[in-house]
Amino acid sequence: MSNGGAKPIHVIVLGGGTAGWMAATGVAVMLGEQVRVTLVESEDIGIVGVGEATLPHLRSFVESLGINESDFMRETHATYKLGIDFRDFGKIGDSYIHPFGSFGEELAGISFHHYWLAAQQRGDAGPISDYSMGVAAAVANRFRPPANDHTLGSAYGYAYQFDATLFGPYMRTFAISKGVERIEGKVIEVQKDTETGNVTTLLLDNGQCINGDLFVDCSGFRSMLLGEAVGAEWEDWSHWLPCDRAVAMPCAAASEIIEPYTRAIAMPAGWRWRIPLQHRVGNGYVYASSFIDDEKAADAIVAAVEGTSLADPRILKFRAGRRKNSFVKNVIGVGLASGFLEPLESTSIYLAQMAITYLIELFPKDGKIENADRAEFNRLVDMEYDRIRDFLILHYHATTRDDSPFWDHVRTMQVPDSLAGKIELWKRTGRIAKYSEGLFYDASWIAVFLGQNILPNGIDPRVSVPDPGGMARALSSLKHAIDMEVATMPDHRAYLHSRSERLAPQL
Amino acid sequence: MNHAAQPRELPHAILVVGDGQVGILTAIALRQALPTTTVTVIPSPADHAAFADRIGTAMPFTNRLHDRLGISEMDLVQRAGASHRLVTRYRGWASETHEGISGYGSGNPALGNAFTGHFEAVRSPGRAAEARILTPAAALAATGRFCPPDGDPNSPLATIDYALRWNVEAYRNLLIAKAMQLGIQYAPKLPADVQYSARGDIAAVILDDHAGAIAADLFIDCSGPMRWLMSRMAGATLDSWRENLPCDRVLIAAPGEPVLALEDRMTLTPHGWLNEIGGRDGVQRIFAFPASLGSADAEAHLIGAGASAAIAAAIHPGALVRPFVGNVVALGDAAASFEPIGGTNLDLAHRQLSLLLELLPGRNVEPREREEYNRRAELMASSLRDWLTSHYAALGMPGTPFTARVSQLTYSPSFNLLIDMHRRHGRMPFFEEAPVLPSEWSAMLLALGISSSPSAHALAQSAERNRSLTQQAENAARAAVDAAPPYGEWLESVLPQPGV
Ligand SMILES: Cc1cc2nc3c(=O)[nH]c(=O)nc-3n(C[C@H](O)[C@H](O)[C@H](O)COP(=O)(O)OP(=O)(O)OC[C@H]3O[C@@H](n4cnc5c(N)ncnc54)[C@H](O)[C@@H]3O)c2cc1C
């Protein structure tokens, strides 16, 4: 539907990284003729260029824009991702996969893990990972898109692992085809209306002036509009999430195997990621600069990677936290400009996507922004950040590691009350506080609690009612069914290669 | 860590106070979950405002709970006079001639809010009453055709959700029979007093007539708004809803003539509202109003509608801040007492029961678990309060005594948020534990005549796409009508003795 000939609302997106191009595309495609979208980016400044592991939500974003999956995978050198393998977190030598999917099935209204815990005590059960399709497929390096029914073959989800330096450009081409105007140039000044405090104009280094109605700040860590121009306050979380740097270094794949999962390996002063793409492997060490210096961190990542390095180690700096408000005046922060949570659970691109979705839902139709819309946007964004924050902190806190000052710190630090309550509930009763909004639900919490050896003292009283022999048989037949199902799935690499449309040319 | 992860000790005994349809169903659910636990039910003094016990209807949630507890819908149809409500028709809320219809379920997710918004946008003002019927449920109700979906996901009736209404006494008898089969104990003695443990929990309930005492680990208060148990617990405090809801007096008429209809009615009057709930064994008529307006009009309405003697009940609208205190859990009207709109009192009771089953305590109550129960129950209650308040957000009858009373209400921040979002963006925010789906909520607001303007996203859809969605919706409604027999015929085909 046209907007009746009214002048379109001019949306200016500052920044051409992943967040900027996602925002520009989303707004342009979803709002059609009501908007005119201009994106300003500067090659001098460049993009952060990391952010390779995603969550399943990205699929619906890409799909709703009308992007073809194979196309997108080919252009970003993407592989499939079934979850994250966490190593050495609970203690050195541990490994568990946090899958996109759950463990077992609820029975008589009681979550599977209660039965599993009881059976485990009796020696009647294997590790919890035996009862998850997502984990079993990941461990076997197999992949096939989940079935669209209620069988075992549907009991997992998937996301992508892609080249972060290619995703933005891919979205750029797509956005421009949808009418987004791109301007190359560096913003050197931001002008505001003296009365309202709204941003009115961006001044570029080439003398160009860009006026707009609504400004989406995707300028990265600098947060040039939200943080600097309209002064959204920063809420710092580094006392809970002390990692403030990363040293990234891609390398060639050292073997033929392409794992359909990301690895997060705990390190003496943080952790490192390992993300297999079609043509290479992404690596990086996320660390706390107060516990290790840059050089040592770089040495550590160089020593850790398996394949030939493809670039020199590159250091990135950041802080954990978020803006207290992400929608202030006529500025909406999306991506790193709004906040940062370290990539331990690959949540950053999700957070950008979520902000874009809420912006579209709350978009000021007539160009007039109501306070209620800002408040609602900020409520939703805060809720998303806060819940992810607690979940990330758990990964550090749930440990017995005492081999380095970093782990001593995170093990003994005081966690947010909201998290302390959840841990206590789990420890006493084996229950997960229930939220239906936000990102991580019970299955994720269970994966991390159990994976990091936090076992509850008490579990649901009703699990002592069924006959243990029957339970043991049910568990073993579930494991058998999962193994059989996984055996019918193709190898991940073979599946990728089975259709050339999704393969990058150099392969 | 081998000492860890032991199942908690099972409760040895549970006492349910209140033997209405809430108390008995609660006992059944607990006994099924805990077959080794002694579950006892005792009556509580009669309470006219125990609506969850007195009114024979609930919402779709109850059907799921019944399924889980092995209470078959066919049994309710054959033995408890049950019939199906597909929609509620609101009359007179937005104007004297206003009519609006809303049903249940998530509708067609492909159509979504964007579609609702658009539907509103294309509908010209003043023509609302003749707007095309775009949902299968409304089409079925209008044509009097229906039979419950048979589980085939491809049936045109598959997406239709519905509520049941039934004969309270027959339903209760059916539950009693089931309770007896399950070995639930019944002590037909009223409670007289309680004994406390050293911790301040209840240790036992002492029965009237020197009939002894019943000790238990867990006590469930299903006594209605008198809160027989909770009123004896320090720490049970009431959050008053008097500022949020207008009605504090209710007349419930004796069941009237049988009415076989797929819709119920909610009619606004100058002094309150009249809810007419269809029923094979007699229509149930309920009139709610502010006591300050007097009951003359209420009586006139009920008599005008052909109703005979009515029971009057006073409500103190509000909810317990913490409905689980010590080892006592309040369910239904004992937890939250409010004007009885369309089966919501029993719906809330059943949702709380279901939450209790999910977080079922062991012999010893874990404080964290109790806190989690209270957190979620509180969210449930406050969303319900907002849902009830929605009825009064935009009354279109200026100058009536009821409108004057309603104008003094205060709205909660969450309510202001949702109504604003609905109006300006055609959007329903998500509320944790809300007892209605966002789609049901927005459909109800529209039925009440509270219009929404389309979101920017909806406006961006092409006219062509909107036309095709409208067409799809109309086709789905027509297919449902074609697939369903006249409701009376279906009933006759399943009832033991033909004839209704
Ligand atoms: C070490 C690390 C690992 C990560 N891993 C993951 C992961 O696995 N998964 C995940 O989801 N996320 C991850 N992230 C986060 C992810 O990288 C970002 O969320 C994502 O790339 C979005 O970044 P952005 O677009 O907000 O910012 P940037 O990529 O920094 O883009 C900023 C843009 O603004 C432009 N700009 C800035 N200032 C000006 C100016 N004055 N004038 C003109 N243009 C300007 C720049 O040119 C650039 O185009 C990771 C982040 C880090 C630091």
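This is a predicted model: local features need pLDDT of at least 70, side-chain atom pairs count only at pLDDT 80 or more; totals for chains, interfaces and linings use all residues.
**Ground rules.** I number residues from 1 along each chain as its sequence is written, and I letter chains from A and number ligands from 1 in the order in which they are written. Local features need pLDDT of at least 70, side-chain atom pairs count only at pLDDT 80 or more, totals for chains, interfaces and linings use all residues, and side-chain values use heavy atoms, with hydrogens and water left out.

**Cysteines.** I looked for disulfides, meaning pairs of cysteine sulfur atoms within 2.5 Å. The count over all chains is zero. I then checked accessibility for two cysteines. Buried means under 20% relative accessible area, exposed over 50%, and partly exposed in between, with a 1.4 Å probe and protein chains only. Cys209(A) is partly exposed because its relative accessibility is 46%. Cys222(B) has 2%, so it counts as buried.

**Cavities.** I searched the whole structure next. A cavity here is a set of points, on a 1 Å grid over the protein atoms alone, where a 1.4 Å probe fits but cannot get out; lining residues have an atom within 4 Å of a point. Grid points are joined across faces, edges and corners, and a volume is the space filled by probe spheres set on the points. I found four cavities of 30 Å³ or more. Helices (H or I, at least four residues) and strands (E, at least two) are DSSP runs, numbered from the N terminus.

**Ligand.** I listed residues with a heavy atom within 4 Å of the ligand. There are 35, the closest being Gly16(A), Val50(A), Ala53(A), Val187(A) and Ile349(A). For Ser42(A), a polar backbone atom is 3.0 Å from a ligand oxygen. The distance is 3.2 Å for a backbone N or O atom of Gly46(A). For Thr18(A) it is 3.3 Å.

**Buried residues.** Ser326(A) sits in the loop between β18 (321-323) and β19 (327-328) of chain A. It is buried, at 1%. Its side chain makes a 3.3 Å polar contact with that of Ser338(A). Ile332(A) belongs to strand β20 (residues 331-333) of chain A. Ile332(A) is buried, at 0%. Its C-alpha lies 4.8 Å from that of Val216(A), 116 residues away in sequence.

**Positive phi.** Most residues other than glycine have a negative phi. Ala108(A) has phi near 50°. It is in the loop between β5 (95-99) and α4 (112-121) of chain A, and is exposed at 62%. Glu433(B) has phi of about 65°. Glu433(B) lies in the loop between α12 (413-425) and α13 of chain B. Is Glu433(B) buried or exposed? At 14%, Glu433(B) is buried.

Note on methods. On a 1 Å grid over the protein atoms alone, a cavity is a set of points where a 1.4 Å probe fits but cannot get out, and a pocket is an open set with protein on both sides within 12 Å along at least five of seven lines; lining residues have an atom within 4 Å of a point. A polar contact is a pair of N or O atoms within 3.5 Å; within protein, one must be able to donate a hydrogen and the other to accept it, and residues adjacent in sequence count only if both atoms are side-chain atoms.
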